[in-house]
Amino acid sequence: MATLEIRDLHVSVEAEGGPREILKGVDLTVKQGETHAIMGPNGSGKSTLAYSLAGHPKYTVTGGQVLLDGEDVLEMSVDERARAGLFLAMQYPVEVPGVSVSNFLRTAATAVRGEAPKLRLWVKEVKEAMAALQMDPAFAERNVNEGFSGGEKKRHEILQLELLKPKVAILDETDSGLDVDALRVVSEGINRVRSTGEVGTLLVTHYTRILRYIKPDYVHVFASGRIVESGGAELADKLEEEGYESYVKGGASE
Amino acid sequence: MAEQNTPGSTTAGSIEVGTAGAGEQLAGPGTGRDTVRQPIDARVAVKPSFDVNDFPVPTGREEDWRFTPLHRLGGLHDGNAAEGAVRDGAGSDKIELGLPEGVTSELVGREDARVGKAGTPVDRVAAQAFSAFEQALVVTVPKETVLTEPVRIDVHGEGGVRFAHLVIEVKPFAEAVVVLNHTGTGTRAANVDLLVGDGAKLTFVSVQDWERDAVHVAQQNALVGRDATFKSVVVTFGGDVVRLHPRVNYAAPGGEAELFGLYFADAGQHLEHRLVIDHDTPHCRSNVAYKGALQGQDAHAVWIGDVLIRAAALGTDTYELNRNLVLTDGARVDSVPNLEIETGEIVGAGHASATGRFDDEQLFYLQSRGVPADEARRLVVRGFFAELVQQIGVAEIQDRLLEKIEAELEETVA
């Protein structure tokens, strides 16, 4: 069973006046089939956690360990992490001019699966996944994220999640900027992947709204660069009512 | 890439705006101007001329020569190439023509009225080519003939010095795609006249697929007729020094010109494209988009885009864009768009220039989907060019270009 272990993770970014520590000792274990919600106020470092796990060059790991099935993730390049089974759905997916969605998806699937998917099966697979996410087939011929609406970008991220079938999916604020209909469609997509029982999900979010559609097994409150409280789904209800104030007070946040 | 300058970009440019009917500018002491008016061509010290002797030998300090490595031109600029050709005999090239039915070709002398009709040499090398060529090749597409396959002109340089002149005349309401393909090597100076008749459509593709040591300097003049459509596609991959002057003039109102360019400069290569669009006729349009990639020590690309909108050119609509993608350290780009406007009564005029490195966020996005770094880089470069290739509108040409880009990427981007 695939397991992602994060142990005492410390991460810094370059800032004016030298490196600034954002993550100050994160401990978390995500197992296949589990869904963990990471919730926290703006600036708490939850997106930094997501991008550090994916290996974004902006972040420097200064301490701790990340293991995927015992393998040292921090030693891997960005693409090696993806091929090992990590997936990051981004809050702000990047435009890649001149690269069509269909070309991009096939290139990614070929890389992650280690061989080019058989064309006929692949076309069917993509078509079905797009239909399930209520995406227009013409979408496949557009350039990656170019001129996409906020909702289209998120659907495109979840489409990749469905096609690439990672062991651990990190979803960074996938709910932000979505109207209720789009949120429902995207959540259903995530739930389809979860229902296979083969993916561990790390759901990073500011709001509890998405948790009405996606029931987490665990909820973690993130503040000042670490997890300050963990609990079950009921913790989200408490956050819904009380907000993050009690975690931010007392100089916990910068 | 977004329509803005990416971080670390370099741009240069100038815009001058005058007002229709505002009268002559004052000149003289106290005005800050030495001369009245300064049209774009006047920044070049010498008036256009067919006679090489009207041009002094450039020193490299002139505005129009300052980016060009004169010592690598094989003497095209100072008479040595021409003298050598006379003394030792000219070099040779092999020209193969692929003419669809109805299209004719002939060889004529420089006294033929069509030779030089689309434009006059603007620098010493072009004038040298005009003064020294033996016979001009004229390809004619008859009136109202709509070609279904391209005209092919394959030039294979076999070394030595060549001076050439080519005329392509597309008669009224005819439609043609002409592909001029350069391979092989040698030192070549040439002029091209592209005569686009009233209501005609010409797509002219000039491919510089030279061997690494070739020198190629050419002026490509288009004269666009009433309601005619001209499309220029310039693709420069090979050569040691390539310096091209695509220029557009309008013979009558309603003309439309699109100029697309792609170049890929490797270590040590100098690839220079100097465009001039002279809007002196009302209600004409122009659109320029040039994109280049550079990699390796002393890879050098120069792009000059001069657009002049003269007082008479009411209703002009023009835009020009240059983008450069620098793949490694050690490469250099000079990109200078110039827009000079003498009337405010126009539809639109704009320009953009940006030179940037690889977008790290794009690479991260692709890599985060499992795509290895080198393949991600190729995907980004391919995409960078594909965006332009998609606009060419001739499927066969597009496919060939993408293949060419692919081959270049396989060889070089790792």
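**Close-up views of a predicted two-chain model**

**View 1. Buried residues of helix 6 of chain B**. In this predicted model, the buried residues of helix 6 of chain B are B:Leu401, B:Ile405 and B:Leu409, where buried means that 20 or more other C-beta atoms, placed from the backbone, lie within 10 Å of the residue's own, and exposed that 12 or fewer do, with partly exposed in between. Seen down the axis of helix 6 of chain B, these buried residues fall within an arc of 75 degrees, so they line one face of the helix, the arc being that of the directions from the helix axis to the C-beta atoms. The face turned away from the buried side carries exposed residues, among them B:Glu396, B:Asp399 and B:Glu403.

**View 2. Packing of helix 6 within chain B**. The buried residues of helix 6 of chain B pack against strand 9 (229-236) and helix 5 (373-389) of chain B; helices (H or I, at least four residues) and strands (E, at least two) are DSSP runs, numbered from the N terminus.

**View 3. Domain 1 of chain B against domain 2 of chain B**. An automatic or database domain assignment gives domain 1 (14-19 + 28-357) and domain 2 (361-414) of chain B. In this chain, 16 residues of domain 1 are in contact with 13 residues of domain 2, contact meaning that C-beta atoms, placed from the backbone, lie within 7 Å.

Residues are numbered from 1 along each chain as its sequence is written, and chains are lettered from A and ligands numbered from 1 in the order in which they are written. Local features need pLDDT of at least 70, side-chain atom pairs count only at pLDDT 80 or more, and totals for chains, interfaces and linings use all residues.

Conventions. Contact = placed C-beta atoms within 7 Å.
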